[in-house]
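Please look through the sequence and the structure shown here before reading on.

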Amino acid sequence: HDPKYTNASKRQTVFADTLFEMDATVGVILDSLHQNGFANNTLVWFTGDNGPWEQKCNYTGSPGPYLGLWEKRHSNGSSCKTTTWEGGHREPGIVAWPGKIKPRVSEALVSALDVLPTFGALAGTPLPAYRMFDGMNISHVLLNGSENGHEFLAHPNSGASG
């Protein structure tokens, strides 16, 4: 994502400007939900996509402690976006639904692939039986505070560098 705002953040870096813009954009959406009376009847799910982008370092952020040192030593690779290493998977997931989801931090292993099965279950709509889905319904994690997510996530190499 290339930011529309330039030098709008206090740090005046491309990454900070990108976060500033994302925050402003999500704020507009949430304000609209409140103004139109939908805030208490709307599940809002905000997530990223596959960790920081090391190849565009000024947009990247950080993989935190997941530096992929083994990957870098053995294959001159990365632990970030486009890889199946930990830094490529760790991403924010923020879900809000007033009166339904209690604010908390969860350690459950979940995936963006879980969004469709979860929305289907919450809407009472079964997914097509003739299709296979990699995600699972995680409404028990969201609504009941369960920590039972996936036991593991298996991603075959998609042709990317990881």
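What follows is a short briefing on the fold, on single helices and loops, and on a few side-chain pairs.

This is a predicted model, in which local features need pLDDT of at least 70 and side-chain atom pairs count only at pLDDT 80 or more, while totals for chains, interfaces and linings use all residues. Residues are numbered from 1 along each chain as its sequence is written, and side-chain values use heavy atoms, with hydrogens and water left out.

**The chain as a whole**

- The secondary structure of the chain comes to five helices and two strands, where helices (H or I, at least four residues) and strands (E, at least two) are DSSP runs numbered from the N terminus.
- Read from the N terminus on, the elements follow one another in the order α-β-α-α-β-α-α.
- Of the 162 residues in the chain, 23% are buried; buried means under 20% relative accessible area, exposed means over 50%, and partly exposed lies in between, with a 1.4 Å probe and protein chains only.
- Among the contacts with a separation of 6 or more, 57% come from residues 24 or more positions apart, a contact being heavy atoms within 4.5 Å.

**Helix H4 and what follows it**

- The buried residues of H4 are Pro117, Thr118 and Gly120, and they cover an arc of only 160° around the axis, which puts them on the same side of H4; the arc is that of the directions from the helix axis to the C-beta atoms.
- These buried residues of H4 pack against S1 and H5.
- After H4 comes Gly124, whose phi is positive, near 70°.
- Phe133 has its place in the loop between H4 and H5, and this residue counts as partly exposed because its relative accessibility is 28%.
- Leaving aside neighbours within four places in sequence, Phe133 is in contact with Leu116, Leu127 and Pro128; the C-alpha atoms of Phe133 and Leu116, which are 17 residues apart along the chain, are separated by 8.9 Å.

**Aromatic rings**

- Which two residues form an aromatic pair that is edge-to-face? They are Trp45 and Phe119, at 5.6 Å centre to centre and with 80° between the planes.
- Trp45 lies in strand S1 (residues 44-47) and Phe119 in helix H4 (residues 115-122), so the pair ties together parts that are 74 residues apart in sequence.
- Rings of Phe, Tyr and Trp (its six-membered ring) pair if their centres lie within 6.5 Å, and planes under 30 degrees apart count as stacked, over 60 as edge-to-face and the rest as tilted.
- Phe119 counts as partly exposed, because its relative accessibility is 36%.
- The charged end of Lys100 sits over the ring of Trp97, 5.4 Å from its centre; for this, NZ of Lys or CZ of Arg must be within 6 Å of the ring centre and within 35 degrees of the ring normal.

**The salt bridge**

- Side chains of opposite charge can pair when their charged atoms come close.
- The structure holds one salt bridge, a term for a side-chain nitrogen of Lys or Arg within 4 Å of a carboxyl oxygen of Asp or Glu.
- Arg104 forms this salt bridge with Glu147, and the closest N and O atoms are 2.6 Å apart.
- The pair links distant parts of the chain, with Arg104 in the loop between S2 and H4 and Glu147 in the segment after helix H5 (139-144), 43 residues apart.
- Arg104 counts as partly exposed at 37% relative accessibility, and Glu147 counts as partly exposed at 38%.

- The side chain of Ser111 reaches the backbone nitrogen of Leu113 at 3.0 Å.
- Not counting residues up to four places away in sequence, Ser111 touches His150 and Leu153.

Conventions: Polar contact = N/O pair within 3.5 Å; in protein donor to acceptor, adjacent residues only side chain to side chain.
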